[in-house]
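Visitor: I have a model open here and would like to talk it through with someone. Could you walk me through it?

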Amino acid sequence: MRLFHSGKRHMFAFFVPGFLLGIIYVNVVAKEYMADIEIFSEYYLTHFSSGGIVVREYLPYLLRVRLIPLLFLAALAFTKLRKAAAVLFLVWSGFTGGIILSSAADELGIMGSFLCAVSVFPHFFFYVPAYLILLWYCCSAPRTVWNRQKTVFLVFAMAAGIILELYVNPSIVGAFLSLTYSAS
């Protein structure tokens with residue numbers, strides 16, 4: 001497939017359709033079901049902003065949610081299924097991103113979009129490059145080789161992202177929610 005030989009920016013060719021499918025899914029297929037979901041309700045969000053994160057309970061969840069997909073994709077990166085795994089990962093990531101953003105915007109309007117932006121800050125500045133390195137390798141292997149620098153970068157970027165998501169992000173999201181709901 002020539003698309004894989006063109007560079008990193010062509011990974012968006014799989015992410016964006018998944019994103020659009022997620023938006024369509026929320027607005028057409030699952031519209032009634034999504035109306036019943038209360039995760040973006042004012043009640044839940046005000047309780048989140050007033051409560052705190054218990055690190056001992058959040059860390060195992062965070063490790064499971066962030067490392068299992070990474071390890072699964074990394075394992076497939078060294079098989080003949082690497083390109084298919086990269087495509088499925090990009091489409092699925094776009095799809096879930098479209099669902100989350102559409103649900104938040106549907107429930108909270110423009111503040112839902114801002115909440116989504118705040119909720120991925122600052123840890124996604126580390127997760128995205130880590131995944132891009134791995135996805136780029138999946139798409140360009142066997143022309144490129146996996147080396148120690150990529151491994152070190154991937155490990156440190158994921159570790160930094162997890163630490164930021166564990167300790168910094170809850171404060172940022174809590175402050176945003178406090179400002180949002182104290183102003184209304």
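This is a predicted model: local features need pLDDT of at least 70, side-chain atom pairs count only at pLDDT 80 or more; totals for chains, interfaces and linings use all residues.

Visitor: Start simple, then: how many helices and strands are in the protein chain?

Guide: The protein chain has nine helices and zero strands, and read from the N terminus the order of its elements is α-α-α-α-α-α-α-α-α.

Visitor: And what share of the residues counts as buried?

Guide: Of the 184 residues in the protein chain, 35% count as buried.

Visitor: Let's go to helix packing. At what angle do α7 and α8 cross?

Guide: Helix α7, residues 124–140, and helix α8, residues 148–167, have axes that cross at roughly 150° and come within 8 Å. That angle makes α7 roughly antiparallel to α8, because angles over 145 degrees are counted that way. As for handedness, α7 passes α8 in a left-handed crossing.

Visitor: Which residues of α7 and α8 make that contact?

Guide: From α7 the contact takes Phe-126, Tyr-127, Pro-129, Ala-130, Tyr-131, Ile-133 and Trp-136, while the α8 side includes Lys-150, Phe-153, Leu-154, Ala-157 and Met-158. Sorted by class, the contact of α7 with α8 has 14 nonpolar residues, one polar and two charged.

Visitor: What about α4 and α8, how do their axes cross?

Guide: The axes of α4 and α8 cross at roughly 145° and come within 10 Å, and here α4 passes α8 in a right-handed crossing. The contact is made by Val-55, Tyr-58, Leu-59, Leu-62, Leu-63, Arg-66, Leu-67 and Leu-70 of α4, together with Leu-154, Met-158, Ile-162, Glu-165, Leu-166 and Tyr-167 of α8.

Visitor: How do the residues of the contact of α4 with α8 divide by class?

Guide: They divide into 12 nonpolar and two charged residues, with no polar ones.

Visitor: New topic, aromatics. How many aromatic pairs does the structure hold?

Guide: The structure holds 11 aromatic pairs. One of them is Phe-15 with Phe-19, whose ring centres are 6.3 Å apart and whose planes are at 20°, so this pair is stacked.

Visitor: Where do Phe-15 and Phe-19 lie?

Guide: Both lie in helix α1, residues 12–29, four residues apart, which is about one turn of the helix. Phe-15 counts as partly exposed at 27% relative accessibility, and Phe-19 is partly exposed as well, with a relative accessible area of 23%. Phe-12, Phe-15 and Phe-19 form one aromatic cluster.

Visitor: And Phe-89 with Tyr-131, how far apart are the ring centres?

Guide: The ring centres of Phe-89 and Tyr-131 are 5.0 Å apart with the planes at 10°, so that pair is stacked. The pair links distant parts of the chain, with Phe-89 in helix α5, residues 82–108, and Tyr-131 in helix α7, 42 residues apart.

Visitor: Is Tyr-131 buried or exposed?

Guide: Tyr-131 is buried, with a relative accessible area of 13%; Tyr-131 is also one of the α7 residues in the contact with α8.

Visitor: Back to α5, then. What can you say about Gly-97 there?

Guide: Gly-97 lies in helix α5 and counts as partly exposed, at 24% relative accessibility. The C-alpha atoms of Gly-97 and Ile-23 are separated by 8.6 Å, although these residues are 74 apart along the chain.

Conventions
Residues are numbered from 1 along each chain as its sequence is written. Side-chain values use heavy atoms; hydrogens and water are left out. Axes are lines fitted to C-alpha atoms, for helices over the stretch in contact, and angles run from 0 to 180 degrees between N-to-C directions. Helices (H or I, at least four residues) and strands (E, at least two) are DSSP runs, numbered from the N terminus. Angles under 35 degrees count as roughly parallel, over 145 as roughly antiparallel, 65 to 115 as roughly perpendicular and the rest as oblique. A crossing is left-handed if the near helix is turned anticlockwise from the far one by less than a right angle, and right-handed if clockwise. Contact means heavy atoms within 4.5 Å. Ala, Val, Leu, Ile, Met, Phe, Trp, Tyr, Cys and Pro count as nonpolar, Asp, Glu, Lys and Arg as charged, and the others, Gly among them, as polar. Rings of Phe, Tyr and Trp (its six-membered ring) pair if their centres lie within 6.5 Å; planes under 30 degrees apart count as stacked, over 60 as edge-to-face and the rest as tilted. Buried means under 20% relative accessible area, exposed over 50%, partly exposed in between (1.4 Å probe, protein chains only).
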